[in-house]
Amino acid sequence: MLHVLFICHSSFAVELDRSVLIFDYYGEGTLPPAPGDKDVYFLNTHRHPDHFKREILALRERYPGARYILSRDICFRKEERREWIYSVKPRETYEIGGLRIRTLRSTDMGVAFLVETEGRRIYHAGDLNWWHWEGEDKAWNNNMAANYKNEVDRIKGQHFDAAFVPVDPRLGDAYYWGMKYFLEQTEADHVFPMHLWGKYELCEKLERQPEMAGLTAHCHRLAREGQEWELCW
């Protein structure tokens, strides 16, 4: 069983039997209570302020022994470095504590995380998305499409127990393109739209989108911060 807590924006906590994974927490929203004897990992995909703030390092007082797994674009001076802070690069594989982590290269900044632990596989995209912006020239948007597809193709055919994928309202009619391609190339038992900027109605719109027919059966609707799910198989 997985317990999933939607903290805010792109931040989720995933609790397993022996560990808690906290993705892209940046100081807003309600964190889960200290989990006693479970290992706690903060995983931050990049330095944008809606995905990371340095203040979260102080949370180690609340979660003793917590490890921080941070994209390498989150920089530290030599005197700030600690043995419990791990810097990760795109397209690498790491063994940290009880986690096996593979990273992808974001189409914006930083990494996406593929985490294997306790027999489960979890995907958090960060800002790896098909960013199609009106106003950008055709060549830029075509290059973005190619880069996104190339990165997702690296995990083509893989299965995830839970996947957290951007659905951004600022993209207009292209809001669902990244989610659609991801779901066409992979398998996921539970899918959570994120990066919604509070536009939770987009989850229902996604399910009604004709181009998403047959792809949204495993999608969960976000409705509010603090929302929780118990995922069973």
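1. Start with E92, which sits in the loop between β6 (85-88) and β7 (93-96); helices (H or I, at least four residues) and strands (E, at least two) here are DSSP runs, numbered from the N terminus. At 36% relative accessibility, E92 counts as partly exposed. The cut-offs, with a 1.4 Å probe and protein chains only, are under 20% relative accessible area for buried, over 50% for exposed, and partly exposed in between. Leaving aside neighbours within four places in sequence, E92 is in contact (heavy atoms within 4.5 Å) with I101, R102 and T103. For R102, the C-alpha to C-alpha distance from E92 is 5.7 Å, at 10 residues apart in sequence.

2. A word on provenance. This is a predicted model, where local features need pLDDT of at least 70 and side-chain atom pairs count only at pLDDT 80 or more, while totals for chains, interfaces and linings use all residues. Residues are numbered from 1 along each chain as its sequence is written, and side-chain values use heavy atoms, with hydrogens and water left out.

3. On to the aromatics: searching the whole structure turns up 18 aromatic pairs. In F6 and F12 the ring centres are 5.1 Å apart and the planes at 40°, so this pair is tilted. For the bookkeeping, rings of Phe, Tyr and Trp (its six-membered ring) pair if their centres lie within 6.5 Å, and planes under 30 degrees apart count as stacked, over 60 as edge-to-face and the rest as tilted. F6 and F12 are both buried.

4. Next, F42 and Y68, a stacked pair with 4.8 Å centre to centre and 10° between the planes. The pair links distant parts of the chain, with F42 in strand β4 (residues 39-44) and Y68 in strand β5 (residues 67-71), 26 residues apart. Both partners, F42 and Y68, are buried.

5. Which residues make up the aromatic cluster? F6, F12, F23, F164, F192, Y200 and W229 form one cluster, so if you look at the F6 and F12 pair, which is tilted, keep the others on screen too.

6. There is also a charge over a ring: the charged end of R54 sits over the ring of F76, 4.7 Å from its centre. The test is NZ of Lys or CZ of Arg within 6 Å of the ring centre and within 35 degrees of the ring normal.

7. Salt bridges: the structure holds 13, each being a side-chain nitrogen of Lys or Arg within 4 Å of a carboxyl oxygen of Asp or Glu. One of them joins R77 and E80, whose closest N and O atoms are 3.4 Å apart. R77 is exposed at 52% relative accessibility, whereas E80 is partly exposed at 22%.

8. E116 and R100 make another salt bridge, with 3.7 Å between the closest N and O atoms. This one links distant parts of the chain: E116 is in strand β9 (residues 111-117) and R100 in strand β8 (residues 99-105), 16 residues apart. Both are partly exposed, E116 with a relative accessible area of 30% and R100 with 37%.

9. Is D161 buried or exposed? D161 is buried, at 5% relative accessible area, and its salt bridge partner is R120, the closest N and O atoms being 3.2 Å apart. D161 lies in the loop between β11 (159-160) and β12 (162-166), and R120 in strand β10 (residues 120-124), 41 residues apart. R120 is partly exposed, at 21%.

10. Finally, salt bridges that share partners join E95, R100, E116 and R121 into one network.
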